[in-house]
Amino acid sequence: MPLGRLLSRVKFDYYLLALLATVAIAAVLPARGAAAPIAKYAVYAAVFLLFFLYGARLSTQAVVQGISHWRLQSLVLLSTFALFPLIGLGLTAALSRWLPVDLAAGLMFVCVLPSTVQSSIAFTSIARGNVPAALCSASVSNLAGMVLTPLLVAALLATHGSGFSLKALTDIALELLLPFGLGQVLRPWVGPWITRQKHVLSYVDRGSILLVVYAAFGESVVAGVWSHMDPWSLVLVFALDAALLALVLALTTVVSRTLGFSKEDEITIVFCGSKKSLASGIPMANILFPGAAVGAIVLPLMIFHQIQLFACATLAQRYARRPLEAPASVEGAPVRA
């Protein structure tokens with residue numbers, strides 16, 4: 001399958017341009033004065049809608065179907081919330097003298113985020129992996145991240161001036177868990193309609209993130225955060241993001257093969273265990289960090305997001321070219337590639 005077709009399946013091209021355009025608009029026309037509180041309330045409404053729709057679309061049955069494969073799920077969670085943070089601690093400690101505080105915090109923030117949902121499942125499907133397990137892993141990772149990410153931020157980013165307090169847990173509950181729970185409760189009534197409107201609602205998802213990005217970068221521009229950034233720091237963040245992803249991809253591949261997982265399960269572990277969610281990360285950053293710092297902190301996440309799409313699209317293409325083989329058995333049950 002051509003690389004361009006792979007990238008189109010995760011809707012990468014235009015969204016990247018939209019993100020860049022949003023940052024440029026925020027740099028030139030940030031929300032100031034009376035417009036600032038309006039932007040703040042608009043962001044709150046957008047994030048509420050985003051997580052309500054996510055809750056309404058998440059199938060409880062799909063989670064139950066994949067949760068029985070506990071070895072795979074455990075390895076994905078360990079990669080997401082243990083391996084990544086350990087690597088992040090090493091990188092930020094080694095390069096602390098060259099990275100501005102907010103960018104170092106942003107790199108560490110990438111490491112404590114949950115996995116993606118859409119792209120993890122899409123790449124697993126393209127590569128002929130264990131799709132039900134991927135759906136479960138990505139969903140459980142995002143649910144766990146609503147609790148684990150703020151706790152890890154509190155534990156690991158205190159020295160980066162994150163301004164985190166335990167009040168953030170309450171904010172997470174009100175702004176993320178509450179709309180998600182409402183979506184789950186109302187899913188029997190609104191779920192089928194939302195499923196039928198998938199194409200339209202994808203614009204709602206992405207539009208919500210663009211609004212949060214605009215507000216975050218605009219606030220950092222007004223506060224003068226970017227006047228302290230230099231091109232060398234941005235290049236270094238790009239290189240560190242790429243090195244971080246490459247290391248996790250290599251380690252998850254080696255570990256899954258060493259532990260004797262099937263090729264289908266290996267694909268799921270590699271793709272679900274190496275992703276970081278832009279959709280969850282930006283709203284969380286907006287809650288967990290001081291407003292003026294959010295723009296710089298989410299920059300490493302935005303860069304990592306694009307790098308992971310390029311790298312995993314290429315890797316999925318490579319997996320997809322392998323010869324067809326008989327479906328493997330997972331915990332006594334057949335798995336369809």
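Mentor: Buried means a relative accessible area under 20%, exposed means over 50%, and partly exposed lies in between, with a 1.4 Å probe and protein chains only. By that rule isoleucine 287, at 13%, is buried. The model is predicted, so local features need pLDDT of at least 70 and side-chain atom pairs count only at pLDDT 80 or more, while totals for chains, interfaces and linings use all residues. Residues are numbered from 1 along each chain as its sequence is written, and side-chain values use heavy atoms, with hydrogens and water left out.

The protein chain holds 14 helices and 2 strands, where helices (H or I, at least four residues) and strands (E, at least two) are DSSP runs numbered from the N terminus. The chain has 337 residues, of which 52% count as buried. Among its contacts with a separation of 6 or more, 89% join residues 24 or more positions apart; contact means heavy atoms within 4.5 Å.

The part to look at closely is helix 6, residues 101–111. Two packed helices are described by the angle between their axes and the distance between the axes. Here axes are lines fitted to C-alpha atoms, for helices over the stretch in contact, and angles run from 0 to 180 degrees between N-to-C directions.

Take helix 5 (residues 70–94) as one partner: its axis is 8 Å from that of helix 6, and the angle is about 160°. Helix 5 and helix 6 are therefore roughly antiparallel, given that angles under 35 degrees count as roughly parallel, over 145 as roughly antiparallel, 65 to 115 as roughly perpendicular and the rest as oblique. Their crossing is right-handed; a crossing is right-handed if the near helix is turned clockwise from the far one by less than a right angle, and left-handed if anticlockwise. Helix 5 supplies Thr80, Phe84, Pro85, Gly88, Leu89, Leu91 and Thr92 to the contact, and helix 6 supplies Ala104, Leu107, Met108 and Cys111. These residues divide into 8 nonpolar, 3 polar and no charged, where Ala, Val, Leu, Ile, Met, Phe, Trp, Tyr, Cys and Pro count as nonpolar, Asp, Glu, Lys and Arg as charged, and the others, Gly among them, as polar.

Helix 11 (residues 231–258) is another partner: its axis and that of helix 6 come within 11 Å and cross at roughly 20°. That makes helix 6 roughly parallel to helix 11. Helix 6 passes helix 11 in a right-handed crossing. From helix 6, Leu103, Leu107, Val110 and Cys111 meet Ser233, Leu234, Val237, Leu240, Asp241 and Leu244 of helix 11. The division in this contact is 8 nonpolar, 1 polar and 1 charged.

Serine 233, in helix 11, deserves a separate look. Its relative accessible area is 0%, so serine 233 is buried. Apart from residues up to four places away in sequence, serine 233 touches Trp98, Leu99, Pro100 and Leu103.

Helix 12 (residues 263–274) has 12 residues, which should span 16 Å at 1.5 Å a residue, and its end C-alpha atoms are 16 Å apart; the expected span is 1.5 Å times one less than the number of residues. Of those 12 residues, 11 are buried, including Glu264, Asp265, Glu266 and Phe271. Helix 3 (residues 35–57) has 23 residues and reaches 33 Å between its first and last C-alpha, close to the 33 Å expected. Its buried residues include Ala39, Val43, Ala46, Val47 and Leu50.

Isoleucine 287 of helix 13 (residues 278–288) has its C-alpha 9.5 Å from that of proline 150, 137 residues apart along the chain. Arginine 206 lies in helix 10 (residues 198–222) and is buried at 18%; its C-alpha is 9.3 Å from that of alanine 18, with 188 residues of separation along the chain. Tryptophan 193, in helix 9 (residues 167–196), is partly exposed at 45%, and its C-alpha lies 9.8 Å from that of arginine 57, 136 residues apart along the chain.
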